[in-house]
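Please keep the sequence and the structure in view while reading.

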Amino acid sequence: MAATEGPTADAVGPTIRMTSPDWWRQAAVYQIYPRSYCDRNGDGVGDLAGVLSRVDHIAALKVDAVWFSPFYPSALTDGGYDVDDYRDVDPSIGTLAEFDALVAALHECEIKVVVDLVPNHSSDRHEWFRAALASTPGSRERDRYLFRDGAGANGELPPNDWQAMFGGPAWTRVTEADGTPGQWYLHLFSTHQPDWNWANQEVHDDFLTTLRFWGDRGVDGFRVDVAMRLAKDMSEPFPPWEEAGDFLLLALGADNPFGDGKHPLVDRDELTEIYTGWRQVFNSYEPPLFAVAEAWVAPHRRGLYANRESLGQAFNFDLLHAPWDAAAFRGIIQRNVELAAEHDTTSTWVFSNHDVVRHASRFAPQPREPEPGTAGADGAGRAVTGRGLARAEAAIMLALALPGSTYMYQGEELGLPEVTGIPADQVQDPWAVVENGVMTAGRDGCRVPLPWTTGGVSFGFGAADAHLPQPDWFGSYSVEKQQDDPSSTLSLYREALGLRRVLQSEELLRWLELGPGVVAFRRPNGWISVTNFGTLPVALPPGRVVLRSDRRAANEPLAAEATAWVLHPPE
């Protein structure tokens, strides 16, 4: 058994009420990548009807909110983050009526709904971009995007040497309506994702309309994609890419050569005005809408996005990149709790999402290289996780005990490892690296559709083959396999999330010193979390053990690479 004697969430009920304006401060949020969750119509692509059919699974997890990755009309050149229409649903995923039904079903279960918003760029199929292409230089239509004349004698060179995130120049030249070579447009991601011009008031106003559109449909909040990149300094002379291109290093503490708020492409002070305008829209709803920023910025700049006059919360990805090390975890937690208090917000804790290698694989010590096409399986066809899964389970229990919000990615409740060795002809990610006919790096491995059953065409995902290939061993991780197993990862997640609702208290913690290699802290109500990063068992502090990831009896020492929760009378 994963749990020992203790309180149950069902006996007490959820502590986060639907009407609370601060529901998000200590919420457990479950990310759904709709195209890979469940396929109801049998076309190999996940859809809203599929999610609706699995609401019972989501409710059984006892999460407080669901965050939906983009479901908008899209050519899928970047997994849906190339948006054709911000106020509709892709026909392959569903309809607005189905979205409304899904929101109603989740709200009935007292689960909030958060949707992804992609404000830095649109798709090149967006009606405004098509209008820009049909228009002329200097027109109102072109001013909504970032068009510039080229360099060189005849404008044949890009305006500058800036590079796109997915490789190659950040500029693409268009052909004018008369057939002649024309201007260039900026796209800091793929050529199919032209950047908006946030110095244009029409862009501001249209996004306010989008916020209200989804708010009026019952959405409770937004996850804001690359929130630090909207405002840009496009004045000449342009700084060379050698100076402007290392902006991700700012999030790791590198000095900003342009000064705080002055970088030409990220984290500019003008963002304050943009998000203050959004906050006015948020506050017009009761309770106010919520937003969390994906903001890769220096820690001391996070408050620009996370304060109450702005979006409200900003991701910290520090644990997502942390090694399995007690000192590293403790330092990250302490720093982020302090930053959250400084900006009157709460921190976020996350180990996996749609952009990174699943942490059950990432935490595995010295993972062996899989043979091409084996997807990291051993000779028996089982996924190679072992200690990686034990560490992943310990890590999520630690995170759920912390003050702040915990964000979880679909499939981690099953202990899913990363899928590797995807054949080159089935790779979808524009960021993928393909060698010898298979993907060796990229984001498709964490986006493989979920296994719901132990067998079937796509392990219960749908009636047809899934849009990304599932490995043969996927059934052993399925919901069906784990559903009634009290020692499964799924059971551990359900138990931990249920207890968290009961045990949640003030947004404070006090460190406990239980020896080297141990991260332990106490919440004000006597809830103690102990994580053993070492190699030998450690004694637990006095109190009643209510949950432990090592599945040992309550009175036994805590195993290596495990977490236990202990209840002690409040001080």
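In this predicted model, Trp-162 touches Pro-169, Ala-170, Trp-171 and Leu-186, and also Asp-233, Met-234, Phe-238, Pro-239, Pro-240, Trp-241, Ala-244 and Leu-265, when residues up to four places away in sequence are not counted. Trp-162 also belongs to the largest nonpolar core, which has 139 residues. It is among the residues with the most contacts inside that core, together with Ile-58, Phe-222, Tyr-275, Trp-278, Tyr-305 and Trp-565. Helix H13, spanning residues 387-401, gives the most to this core, with 10 residues. Another core, of 15 residues, lies apart from it and includes Trp-23, Ala-65, Val-356 and Tyr-407.

The strands come next. Three of them form an open sheet in the order E4-E6-E5, with antiparallel pairing. Strand E4 (147-148) and strand E5 (171-175) each have a single partner strand and stand at the edges, so one side of each is left without a neighbour in the sheet. In general, strands of a sheet pair through backbone hydrogen bonds. Four bridges connect E5 with strand E6 (residues 181-186) in the antiparallel sense, and Thr-172 stands opposite Tyr-185 in E6.

Strand E17 (residues 544-548) is mostly covered, as four of its five residues are buried. E17 runs antiparallel to strand E18 (residues 562-567), and four bridges join the two. Within E18, Ala-564 is the bridge partner of Arg-548.

Which residues lie nearest the centre of the second largest pocket? They are Met-165, Glu-294, Trp-296, Asp-355 and Trp-431, out of a lining of 26 residues. The volume of this pocket is about 540 Å³, and its lining divides into 15 nonpolar, five polar and six charged residues.

The model also holds four cavities of 30 Å³ or more. Two of them are set out below.

| Cavity | Volume | Lining by class |
|---|---|---|
| Largest cavity | about 90 Å³ | four nonpolar, seven polar, one charged |
| Second largest cavity | about 70 Å³ | five nonpolar, four polar, three charged |

The lining of the largest cavity includes Arg-302, Asn-316, His-343 and Ser-347. Helix H10 (303-306) and helix H11 (326-342) are the elements that give two or more residues to this lining, and H11 gives the most, with three residues.

Among the residues lining the second largest cavity are Arg-358, Glu-393, Glu-412 and Tyr-493. Here the elements that give two or more residues are helix H12 (359-362), H13 and helix H15 (489-503).

Definitions and conventions
Residues are numbered from 1 along each chain as its sequence is written. This is a predicted model: local features need pLDDT of at least 70, side-chain atom pairs count only at pLDDT 80 or more; totals for chains, interfaces and linings use all residues. Side-chain values use heavy atoms; hydrogens and water are left out. A nonpolar core is a set of buried Ala, Val, Leu, Ile, Met, Phe, Trp, Tyr and Cys residues joined through side-chain atoms within 4.5 Å. Buried means under 20% relative accessible area, exposed over 50%, partly exposed in between (1.4 Å probe, protein chains only). Contact means heavy atoms within 4.5 Å. Two strands pair if DSSP finds at least two bridges between them. On a 1 Å grid over the protein atoms alone, a cavity is a set of points where a 1.4 Å probe fits but cannot get out, and a pocket is an open set with protein on both sides within 12 Å along at least five of seven lines; lining residues have an atom within 4 Å of a point. Grid points are joined across faces, edges and corners, and a volume is the space filled by probe spheres set on the points. Ala, Val, Leu, Ile, Met, Phe, Trp, Tyr, Cys and Pro count as nonpolar, Asp, Glu, Lys and Arg as charged, and the others, Gly among them, as polar.
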